[in-house]
Amino acid sequence: MAEKEPHLNGSYPGPSIPPPNQADKGRGRFCCLFGCLWKTIVALILIIVLVIFICWLILQPRMFKVHITDAKLTQFNFTNNNNNLQYKLDLNITLRNPNKKMAIYFDKIEANAFYEGQRFDTENLTKWGFKVERKSTHFLNATFAGQQWMVLGANELDFNEEKSVGVYTIYLKCYLRIRFRIGDFIGGHHKPKVRCGLKVPLISNGNLSTARFETTRCDVQLF
């Protein structure tokens, strides 16, 4: 007959429990801190996006508009023996601020005139800068006059063709420095670019070719 196991008085302590691993504690704390930090960053991003969206709904910002309303080309002669371009071009420009709650400061407007991809003149249209109020239009006049050394090369054929028609393709590129004003707050500088492709008829001896200049809307890029 097998012997009976002795009856154990009290609870049996069982096997000893090893002490917790310190590395596991460190990883747990790191994961907790990383999780809190990630949630905080996500919450801040959502708050910023929400604020920007609310401001956009309130302000409804719109980019300013640029039109060339008139262009007079009274001289545009090119001589290939000395690669010299003589020109005189007058432009009427309108700047329209369509915003209801934002004024715009135009601190600098640098206008560059190009023909066949080559710049032939640069004019500064803002000596002191100016402000365009909300829902307002500002008028500018630009004059490009003088002579410039140019090498047309193969593009001389295009020049002769336009000369026969009496209408020249001139590109205007403007580099601006502007600021937006909302109430008493004036933001930082932005540097938009304006590009205009113009078809300008030549006025020779006071006589205009059969073509007429048409008001041209320019392309405005904020960045």
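This is a predicted model: local features need pLDDT of at least 70, side-chain atom pairs count only at pLDDT 80 or more; totals for chains, interfaces and linings use all residues.
Me: Why is phenylalanine 76 called buried?
Reply: Buried means under 20% relative accessible area, exposed over 50% and partly exposed in between, using a 1.4 Å probe and protein chains only; phenylalanine 76 has 1% relative accessibility and therefore counts as buried. Phenylalanine 159, with a relative accessible area of 2%, is buried as well.

Me: What makes phenylalanine 76 and phenylalanine 159 an aromatic pair, and why is the pair called tilted?
Reply: Rings of Phe, Tyr and Trp (its six-membered ring) pair if their centres lie within 6.5 Å, and planes under 30 degrees apart count as stacked, over 60 as edge-to-face and the rest as tilted. Here the centres are 6.4 Å apart and the planes make an angle of 35°, so the pair is tilted. Phenylalanine 76 lies in strand 1 and phenylalanine 159 in helix 2 (residues 156–165), so the pair ties together parts that are 83 residues apart in sequence; helices (H or I, at least four residues) and strands (E, at least two) are DSSP runs, numbered from the N terminus.

Me: Why is the pair of phenylalanine 106 and phenylalanine 130 called stacked?
Reply: The angle between the planes is 20° and the distance is 5.3 Å centre to centre, so by the rule for rings this pair counts as stacked. Phenylalanine 106 is buried at 0% relative accessible area, and phenylalanine 130 is buried at 15%.

Me: How do you know that strand 1 pairs with strand 2?
Reply: Two strands pair if DSSP finds at least two bridges between them, and 13 bridges join strand 1 (residues 65–79) to strand 2 (residues 84–97), so the two antiparallel strands count as paired.

Me: What makes the charged end of lysine 173 count as sitting over the ring of phenylalanine 114?
Reply: A charge sits over a ring if NZ of Lys or CZ of Arg is within 6 Å of the ring centre and within 35 degrees of the ring normal. The charged end of lysine 173 is 4.8 Å from the centre of the phenylalanine 114 ring and sits over that ring.

How values were computed
Residues are numbered from 1 along each chain as its sequence is written. Side-chain values use heavy atoms; hydrogens and water are left out.
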